2 protein chains.
Amino acid sequence: MELQNDLLLRAAKGEKTERTPVWLMRQAGRILPEYRAVRESVSGFIELAQTPELAAEVTIQPVDLLGVDAAIIFSDILVIPEAMGLPYEMIEKKGPWFPETVRTEADLKKLRVADGANDLSYVIKAIEITKKNLNGRVPLIGFAGAPWTIFAYMVEGSGSKTFSRAREILYTQPAFAHQLMQMITDSTINYLKAQIKAGADLVQVFDSWAGILGPKQYLEFSHRYISQICDAINEVPVTVFAKGAFFAREEMGKLNCETIGLDWNMGIEESYKLIGANKTLQGNLDPAALYGNPEEVRSATLEMMEQFKGKRHIANLGHGVYPDIKPEKVKVFIETVKGF
Amino acid sequence: MELQNDLLLRAAKGEKTERTPVWLMRQAGRILPEYRAVRESVSGFIELAQTPELAAEVTIQPVDLLGVDAAIIFSDILVIPEAMGLPYEMIEKKGPWFPETVRTEADLKKLRVADGANDLSYVIKAIEITKKNLNGRVPLIGFAGAPWTIFAYMVEGSGSKTFSRAREILYTQPAFAHQLMQMITDSTINYLKAQIKAGADLVQVFDSWAGILGPKQYLEFSHRYISQICDAINEVPVTVFAKGAFFAREEMGKLNCETIGLDWNMGIEESYKLIGANKTLQGNLDPAALYGNPEEVRSATLEMMEQFKGKRHIANLGHGVYPDIKPEKVKVFIETVKGF
């Protein structure tokens, strides 16, 4: 189906666009009262993500309610461990928790490489429904976690300030770490290809915990697997968002992908210099800037847009929108980008 | 009293030293069984920090047991809010928690600028005892949190992944934020001067949450107050450690201080280029590298030392030592630096 608004895809490929496309990480979520109403109709986050009709509904909400230039499928990066044989729970106000972790060869033997279409059929189904209901209005973004970030949760068993169990294993059992990373990478490639087959128009890889690795370990244990993913996905444009990996921007410029996401710490001009002219950059307003009043949000957004002016750009925040941000402020951000 | 080992102070000032001095952030703490024994004799962390004899004892332990080239007074950055009138509790396995927070003008009126010598007499007393008992063996480092980091806890009321309440206020109430920052800064200057008067030979300012501010906000709300502190302290060398503030290294090079701490994400060669030749750099081994076996710790330490070779350097980790690291590994790190 022809897209009525393909700004995101053209901007990703570096083609000329009438204006800069805009969407927000975590746009389908707690910022919208309409999302919270759906969320309350089920037992929890995981049930919502696993119910294709509802996942599709909340995916489309920000397109209708906020006017973003793309939808991103409502799901979670931790569906991959689950599909590999390591289930998790989402604890209210605490975050994800894995009853079992992966720290030994024996743990590894219990896991399998996930087949995206079968093991994650509920996401695939949600994408199909979303595509049908979007009816070509805007592109649909698929996504997955980067292998290092997924590895960190699988080894640690939960979120962590330091992820020291996961980082310990990089030092003490590098061969084991590479084995697990490769299984995650293969699962992720299968998963992203299944998403694309079901209709995802672009895919984004989220390396949420990139910034806790030193530069050398990042290249060895994260970047090389992201690079495998980029090389394997040629069907649609790929975006890589490695939060905190400021030190790897030159290397990110060499990835076989179209777009690099910037967090709000990364200077825009410097990032273009380091990453190079053959990539689109996505971002990067401080999510906390949306706490300001409408005039302040407008002015912060314009200031950001000025710095991206004339360059390949997809507008977004520098991280996911905070759940207590008012939808009106998000609209000011979106409208300011659109009017620029 | 003449110091028998003044390597740290000479290295900080850029004078020639026979070898690189070495110490570890959080060296007085849970890594040592001898610390845990003292800790178990009191009701909690705060009681330990507020009992000068015991604080002095655990301060000196790593000098005796690990052979570091400096002691750092056992205390906590959050004694400043307490001294300003905002008490806190330390919740086991959770971290600091403030029953009251500071978010309005009315909250601000309840606070005072701390007088270091009186309001924090227990720290001052601990420094005096430590100096006496160290008997000139190694220098004693005093410290304080940077105003932004202290502000973040006072507004947020606890640790946080995003410190979104604190960052919200920077956007919505900048004048209020500056008022509180100035009160914290004045308190911190008083406090550091009292520490120096009591015997601290060098002071370090810890900006633990520097890395969650964007570059522009960091300069306005953090760096300018650190700069005030550096300008006010001329009695002893000053070290500034702003974790995650990779984007502000050029500006840090202009601070009126002797040493800049690097976290393990910051490339060494690049940091010297950005910060400039008139500063000593401190750091920056990945704390997780000490999970490796002794040979691996040795090799990781040598690799770091090679990169600092011939430059102004104080060896340390890139963040506090993790509490579950074995003291033997810490010793390998220290001995490797000493033998380099």
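Predicted model: local features only at pLDDT ≥ 70, side-chain atom pairs only at ≥ 80, totals over all residues.

Visitor: Where does Ser164(A) sit, and what is it in contact with?

Guide: Ser164(A) is in helix H10 of chain A, residues 164-172. Setting aside neighbours within four places in sequence, Ser164(A) contacts Glu156(A), plus Tyr291(B) and Tyr322(B). Contact means heavy atoms within 4.5 Å. Helices (H or I, at least four residues) and strands (E, at least two) are DSSP runs, numbered from the N terminus.

Visitor: What about helix H9 of chain A, how many of its residues are buried?

Guide: Ten of the ten residues in H9(A), which covers 147-156, are buried. Among them are Trp148(A), Phe151(A), Tyr153(A) and Glu156(A). Just after H9(A) comes Gly157(A), with a positive phi of about 90 degrees.

Visitor: What does UniProt list for chain A?

Guide: An unreviewed UniProt entry lists residues 21-30 and 141-157 of chain A for "domain: Uroporphyrinogen decarboxylase (URO-D)". UniProt positions are in the numbering used here, feature names are shortened, and annotations may be inferred rather than shown by experiment. In the model, residues 21-30 of chain A are 0% helix and 0% strand, with end C-alpha atoms 23 Å apart. Residues 141-157 of chain A are 59% helix and 29% strand, and their end C-alpha atoms lie 28 Å apart.

Visitor: Switching to the sheet in chain A, what's the strand order?

Guide: Seven strands make an open sheet in chain A, ordered E1-E4-E5-E6-E7-E8-E9, with parallel pairing. Two strands pair if DSSP finds at least two bridges between them. The edge strands are E1 and E9 (313-317) of chain A, each pairing on one side only.

Visitor: And how many bridges join E4 to E5 in chain A?

Guide: Five bridges join E4 (residues 140-145) to E5 (residues 202-207) in chain A. One bridge partner pair is Ala144(A) with Val205(A) in E5(A). Helix H11 of chain A (residues 174-198) packs on the sheet and touches E4 and E5 of chain A, its direction making about 170 degrees with that of E4(A). For that angle, axes are lines fitted to C-alpha atoms, for helices over the stretch in contact, and angles run from 0 to 180 degrees between N-to-C directions.

Visitor: Where's Ala70(A), and what does it touch?

Guide: Ala70(A) lies in the loop between helix H4 (52-65) and strand E1 (71-72) of chain A. Ala70(A) counts as buried, at 0% relative accessibility. Not counting residues up to four places away in sequence, Ala70(A) touches several residues, including Leu8(A), Trp23(A), Val138(A) and Ile141(A).

Visitor: Over in chain B, is Phe143(B) buried or exposed?

Guide: Phe143(B) is buried, with a relative accessible area of 9%, and is found in strand E4 of chain B. Beyond four places in sequence, Phe143(B) touches residues including Ile72(B), Tyr191(B), Leu192(B) and Phe206(B).

Visitor: What about strand E8 of chain B, how many residues are buried there?

Guide: Six of the six residues in E8(B), residues 280-285, are buried. E8(B) runs parallel to E7(B) (residues 259-261), and three bridges join them. Gly261(B) stands opposite Gln282(B).

Visitor: What rotation superposes chain B on chain A?

Guide: A rotation of 180 degrees does, with 0.0 Å of shift along its axis and an RMSD of 0.0 Å. The two copies are therefore related as by a two-fold rotation axis. Copies are superposed by least squares on the C-alpha atoms of residues with pLDDT of at least 70 in both. The same surface serves both copies, as 100% of the contact residues of chain B recur in chain A.

Visitor: Last one: what is the mean pLDDT of chain A, and what are the model's scores?

Guide: Chain A has a mean pLDDT of 97, and 100% of its residues reach 70 or more. pLDDT is the predictor's confidence in each residue, from 0 to 100. The model scores ipTM 0.95 and pTM 0.97.

Note on methods
Residues numbered from 1 in each chain as written. Chains lettered and ligands numbered in written order. Heavy atoms only, no water. Buried < 20%, exposed > 50% of the residue type's maximum accessible area, 1.4 Å probe, protein only.
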